[in-house]
Amino acid sequence: MTTDGNTKTGGMISGSMLVIDAKDMHYKELNKIIRESILSGVKNILLENVNGQYYIGDGIKGDDITITVNGVPGNDLGVFMDGPSIIVNNNVQDNIGNTMNAGKITVNGDAGDVIGYGMRGGRIYIRGNAGYRIGIHMKGYNEQIPVIIIGGKVGSFFGEYMAGGVMVLLSLDNSEESVGEYFGVGMHGGAIYLKQKIDFSKYSKEVEFLEANDSDMSFLKKYLLEYAKDFNLPPEDLTRGPFYKIVPSSARPYAHLYTSAAF
Amino acid sequence: MLRLKNNFSIEHDIAGCGLCGIINIKKIRTNGEDIKKAIALEHDRGNGLGGGFAVYGCYPEYSELYAFHVMYDDLAAKEATEEYFKNNFIIEKQESIPIFKTSKINDHPILHRYFMKPKSDREDRLFSELKDDDFVVKSVMLINSDYDGAYVFSSGKNMGAFKGVGYPEDIADFYMLDNVEGYMWTAHNRFPTNTPGWWGGAHPFTLLDWSIVHNGEISSYGINKRYLEMFKYNLALKTDTEVIAYILDLLIRKHGLPVEMAMNVLAAPFYQTIDKMEPEQKELYTALRQIYGSALLNGPFAIIFGYPDGMVALNDRIKLRPLVAGTKGDFTYIASEESSIREICSSPDVVWSPKAGEPIIIRTVKTNAKTAINTENISQKQRLIIS
């Protein structure tokens, strides 16, 4: 950690940006510095040499806060976050955006498993691939619509128990197998958009397959344009249809699990 | 007072832990510093109640002998066990396992190692014709269940386990693993949630040359245990991971299954997946499930399996535990977290996650082999590389 400049926060103020060298720093200390810096009015934080620190940005608030991460952050990045933006220039591990309420996480690499668990607002944009159980238990909350966009492919259980919000799978690498098994299993709310059709055998019994209509596309457009800008991709490539829409066939897929369907 | 015999009234152990593995496919040996660093990054995945390492290639001067690592509660246990060894083995060398007393590990059993081979005129020859490997397995089972206060925690050739109660980085210092060299290392950081941490309960679990580190919970422990008991394996440690080591000994050594097929028994494909296979494959996998149904592991797990010719990483069939792999030149790294790999290899050639139930098998090659690890064939390759 650099102690030049602002010793109170334990980091170095460079322009309007606080730079923290996180090498070998425990997550408790790192998060304490981040929280204290935000309280003292710092808006931009650059974390250098991050490797594996858990809970970065845990519960932080403020729409005008930006944290940039160089290195691979640990699990639960942005957990309970309420407003700020986190930009990661590398891969991320598991559980990022856990129960996030507002704000944005942008990942320039790949992501691990269980991304956006119980997420109830904000955006998570992944440039590369993501692992298993993306968007599990994701939900909307009042007017809030959480959005996850994945550029590459994903593992099994995409949208598992999804209750609200929107996920978009772009499959930009055009690989034949861009999703795993059990797609949308237990899904009972929200919507998943696909830029590339997938094998019908992958879908769970609880979902329906539609072609995205104009109102879907106008909703998606602003997010896709933001995604294209964030990752410096040609916007027209991303917004060009057709897109496919996956929605739950019932808001209560298990209503008749223990009773006859006649009831 | 420290007691090795695990008399805790428990059915089995449930744990959430951290794993690491390093292999050099050309069998170039490195000391324990890297594996210590990698597992130390996962410090918070454990709680100080168990840490351990398996290392392959550490005893080249005794490579033809079984290297027994044994823990004893007291000198009486040591004396009784050594009586058994003397009667049944030719002991070429024996010594205390070198340790460094640190303040972090202040309560430990007597730790001793023996380099030996079974006597050709040992007593059991009067009534049975066990091969050396089988006799070693029988001896390990016997000591671990019947010799009070004694526990054999490794018994392979040119390999060894080093484990105990503590965080893995402290266990590494305790055993001075910076002085130990091997071409393959695995490591474990334990977080026992249902049972007390005790020296014998730390990972890795080994038998002969097989070693296992495990994160998760084997819900099928009961049926696996009963199945293994039919083949005279004695489950003395009351820790779920133990069954994996013995199942693999049974499948690979006794039944002659290739490593890959043995992994397909542990994490057998679902019948709905088998239904989609080509007829020949379908027949094979159906047969495997029918014959080895009781060896199937249920529950969440990530394991790293070590054997002299390679290292295997395997997840349960729906991937309920984390596992990441990376390669750099002749090295392959496996860990619970990508950051653990990057701690010792900042810019790997490839980083990827195995698919659920599909083993990553990294085999050693001849020293003069031209190619390093062929990453083109990594079917599970999932990840972009950002160095």
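## Chains A and B: a short briefing

About 2100 Å² of area is buried between chain B and chain A, with carbon and sulfur atoms giving 39% of it; buried area here is the accessible area (1.4 Å probe) that two parts lose on being put together, summed over both. This is a predicted model, in which local features need pLDDT of at least 70 and side-chain atom pairs count only at pLDDT 80 or more, while totals for chains, interfaces and linings use all residues. Residues are numbered from 1 along each chain as its sequence is written, chains are lettered from A and ligands numbered from 1 in the order in which they are written, and side-chain values use heavy atoms, with hydrogens and water left out.

**Where the chains meet**

- On the chain B side, 22 residues are in contact with 32 residues of chain A; contact means heavy atoms within 4.5 Å.
- Two salt bridges are counted between chain B and chain A, where a salt bridge is a side-chain nitrogen of Lys or Arg within 4 Å of a carboxyl oxygen of Asp or Glu.
- One salt bridge to look at joins the side chains of B:Lys319 and A:Asp113, at 2.7 Å from N to O.

**Chain B as a whole**

- Chain B has ten helices and 18 strands; helices (H or I, at least four residues) and strands (E, at least two) are DSSP runs, numbered from the N terminus.
- Of its 387 residues, 60% count as buried, meaning under 20% relative accessible area, with exposed over 50% and partly exposed in between (1.4 Å probe, protein chains only).
- Among contacts in chain B with a separation of 6 or more, 76% come from residues 24 or more positions apart.
- Chain B exposes about 15200 Å², and carbon and sulfur atoms supply 49% of that area; accessible areas come from the Shrake-Rupley method with a 1.4 Å probe, and for residues only the protein chains shown count as cover.

**Helix α9 of chain B**

- Helix α9(B) runs over residues 279-291, and its 13 residues should span 18 Å at 1.5 Å a residue, which agrees with end C-alpha atoms 18 Å apart; the expected span is 1.5 Å times one less than the number of residues.
- B:Tyr285, B:Leu288 and B:Arg289 are the buried residues of α9(B).
- Seen down the axis of α9(B), these buried residues fall within an arc of 95°, so they line one face of the helix; the arc is that of the directions from the helix axis to the C-beta atoms.
- Cover for the buried residues of α9(B) includes α7 (259-266) and α8 (271-275) of chain B.
- Turned away from the buried side of α9(B) is a face with the exposed residues B:Pro279, B:Glu280, B:Glu283, B:Gln290 and B:Ile291.

**Salt bridges within the chains**

- Over all chains, the whole structure holds 30 salt bridges.
- B:Arg29 pairs with B:Glu181, their closest N and O atoms being 3.5 Å apart.
- B:Arg29 lies in the loop between β1 (18-24) and β2 (30-31) of chain B and B:Glu181 in strand β9 (residues 181-182), so the pair ties together parts that are 152 residues apart in sequence.
- In chain A, the side chains of A:Glu36 and A:Lys32 form a salt bridge at 3.5 Å, N to O; both residues lie in helix α1 (residues 27-39), four residues apart, about one turn of the helix.

**A buried threonine in chain A**

- A:Thr68 sits in strand β4 (residues 66-72) of chain A and is buried, at a relative accessible area of 15%.
- Leaving out residues up to four places away in sequence, A:Thr68 touches A:Ile45, A:Leu46, A:Leu47, A:Ile87 and A:Asn89.
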